[in-house]
Amino acid sequence: MAGGNERSMKALKEVWKRAENSLCADCGKPDPDWASSTLGVFICLSCSGIHRNIPSISKVKSLKMDYWDDAQVQFLTKHGNAVTKAIYEAHIPIYYYQPTYNDCQVLREQWIRAKYERKEFTEPGKQLPYSDGVKEGILWKRGRDNGQFLPRKFLLSEREGCLKYFTKQDAKEPKINVKIDVINATFQPEKIGNPNGLQITYLKDNKTRNIFVYHESGKEVVDWFNAIRSVQFHYLKVAFPIASDNEIKNRLTRNFLKEGYMEKTGPKQREAFKKRWFTLDHRRLMYFKDPLDAFAKGEVFVGSGENGYSVQKGLPSGTQGNFSWHYGITIVTPDREYLFTCETETDQLEWVRAFTSVIDQAMTPQEYASKCLDAVSS
């Protein structure tokens with residue numbers, strides 16, 4: 001018996017060492033040390049918790065602490081991440097967002113349930129709830145002025161190329177009608193205070209507007225998210241017919257590069273520094289009085305190094321404005337310097353790293369056009 005167990009453990013370690021099993025099958029986190037004895041995948045601790053919530057589909061065990069019998073080890077050996085992915089991820093739509101370990105719980109849970117429980121990607125051409133070019137339903141939307149979440153009807157239409165929402169169920173005219181190509185959507189559970197919280201951002205008169213929504217059902221809110229991506233993808237395929245699918249995929253919804261509080265001063269650099277919430281959305285650095293404000297109080301365009309933009313740790317000598325945080329950042333642009341302070345050195349380094357990642361990238365023609373529009377409107 002002991003010898004058999006020793007052989008099983010040796011075989012388990014061998015299949016565990018395969019390159020295909022070095023990343024979590026569901027979120028890509030390195031060095032997974034759990035596995036599903038019924039699906040044959042190697043997964044991380046966090047994803048194993050999601051698998052535990054669908055016990056009729058997946059039975060999970062620790063590769064380090066639990067006992068594995070011969071039959072279970074043989075099953076893992078025959079399967080593994082590559083074989084199982086080939087079955088359950090065979091026909092994922094190009095626009096479908098596949099979350100990583102950095103993404104929020106609702107995205108990762110619905111990705112796992114979509115694969116193994118609902119088997120959404122096992123057959124070609126399967127009708128999916130986010131793939132038919134139109135979606136209508138109720139989302140709870142935060143009021144711009146009172147901060148209350150109230151049910152609102154939303155309508156997404158590929159044919160019209162827009163997203164609308166209505167203040168009343170029977171309203172004939174929408175409160176907003178936003179073109180799909182100026183929309184971004186990103187999950188913000190902590191900021192919104194709801195595990196299914198979704199931030200929808202769009203441009204109006206070249207200024208950023210935020211809408212904060214949620215739905216009680218994790219599946220429903222993730223379906224809305226992927227429906228937006230689906231409509232955007234098909235819209236951009238028509239708008240840019242020679243672009244590859246991957247090029248278009250990279251232009252769909254995106255997470256913000258960095259968010260958090262900093263202090264800022266005005267253009268004369270003698271005013272008191274004021275605490276503001278900042279969001280870096282690629283080349284747009286927006287600042288708000290409150291994280292849940294609908295409109296940004298202002299925006300800073302962050303261009304490329306070859307166009308005269310740079311970021312530096314610290315503030316210029318002789319800076320006169322009163323500030324309570326002492327970890328300074330200076331963004332240099334062709335027009336002026338922008339001064340910020342951070343509460344901690346860690347915040348300072350993270351912001352500098354985020355700004356540097358943007359400044360190191362060459363600007364696209366669209367970004368040049370956006371900068372020109374900003375200059376005209378400011």
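The model is predicted; local features need pLDDT of at least 70, side-chain atom pairs count only at pLDDT 80 or more, and totals for chains, interfaces and linings use all residues. Residues are numbered from 1 along each chain as its sequence is written, and side-chain values use heavy atoms, with hydrogens and water left out.

Helices (H or I, at least four residues) and strands (E, at least two) are DSSP runs, numbered from the N terminus. Two strands pair if DSSP finds at least two bridges between them. Three strands form an open sheet in the order E2-E1-E3, with antiparallel pairing. Strands E2 (42-43) and E3 (60-62) stand at the edges with a single partner strand each, so one side of each lacks a neighbour in the sheet. Strand E1 (residues 34-36) is joined to E3 by three bridges. Trp34 has Ser62 of E3 as its bridge partner.

Buried means under 20% relative accessible area, exposed over 50%, and partly exposed in between (1.4 Å probe, protein chains only). In helix H2, the buried residues are Cys47, Ser48, Ile50 and His51. They lie on the same side of H2, because their arc (of directions from the helix axis to the C-beta atoms) covers only 155 degrees. These buried residues pack against E1, E2, E3 and H5 (contact: heavy atoms within 4.5 Å).

Helix H5 (residues 105-117) is largely enclosed by the rest of the structure, because ten of its 13 residues are buried. Among them are Trp111, Ile112 and Tyr116. Their cover includes helices H2 (45-52), H4 (80-88) and H7 (218-239), and strand E8 (183-187). Lys119 follows H5, with a positive phi near 50 degrees.
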